[in-house]
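Open the model in your viewer and keep the selection panel at hand. Each stop below says what to select and what is found there.

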Amino acid sequence: MVTFAVSLLVALMAVVITGLAPMGWMRTTNVGPLPELAAVQAQWSSLDACEVEYGARKRLGGKWMLGSRETAYVTPCGSSYRVFVSVPPERQVDGVAFDMTRSSVNAPWKILVVKEKTSFPALKNSLEQLAPHLLTQYPIERQRDADLDARWARERAEKKEAERTLKEAAKNSYPE
């Protein structure tokens, strides 16, 4: 009974801590359904991903700071790895942090922001600036990551086979 209570307490603390994080559920508002963002939703609908994070807030020296404007982090649906997409200076927007999520590629985007920290015009501008760039660059970066993973897997298999061959040769090399 005590372990159940402790487990429950730990789980509740994790939920609260996650919710209180800078882009956590207790601090953010979903502005995705706003009619003013209908065109943005249409722009982003064809992206083959379920999460996009830009300018995420990070804790640095006891203060919450905006994250990188130079990189967008895109997570494919059904995956836990993120694809890093560089954002060129002309598409970067200052003072904007958002996290877009959806349950599948057919679902509408939830656009999560901290309203007190990100102005609506800046958010809309950022979403409009990033959409065409990410729609073209994300598939390229995702393929580059897949190619790199395949190369590493191939190299690991080759190394494992070479080690197995060496071990076999060494095993049979001594007279008995």
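Select Y54 and F98: both are buried, meaning under 20% relative accessible area, where over 50% is exposed and in between is partly exposed (1.4 Å probe, protein chains only). The model is predicted, so local features need pLDDT of at least 70 and side-chain atom pairs pLDDT 80 or more, while totals for chains, interfaces and linings use all residues. Residues are numbered from 1 along each chain as its sequence is written, and side-chain values use heavy atoms, without hydrogens and water.

The structure has three aromatic pairs. Rings of Phe, Tyr and Trp (its six-membered ring) pair if their centres lie within 6.5 Å; planes under 30 degrees apart are stacked, over 60 edge-to-face, the rest tilted.

Next, select W44 and W109. Their ring centres are 6.4 Å apart and their planes at 75 degrees, so this pair is edge-to-face. W44 is in helix α2 and W109 in the loop between β7 and β8, so the pair ties together parts 65 residues apart in sequence. Helices (H or I, at least four residues) and strands (E, at least two) are DSSP runs, numbered from the N terminus. Both W44 and W109 are buried.

Return to Y54 and F98. The ring centres are 5.8 Å apart with planes at 40 degrees, so the pair is tilted. Y54 belongs to strand β2 and F98 to strand β7, 44 residues apart.

Now select residues 71-75, strand β5. This strand pairs with β6 in the antiparallel sense over four bridges; pairing requires at least two DSSP bridges. The bridge partner of Y73 in β6 is F84.
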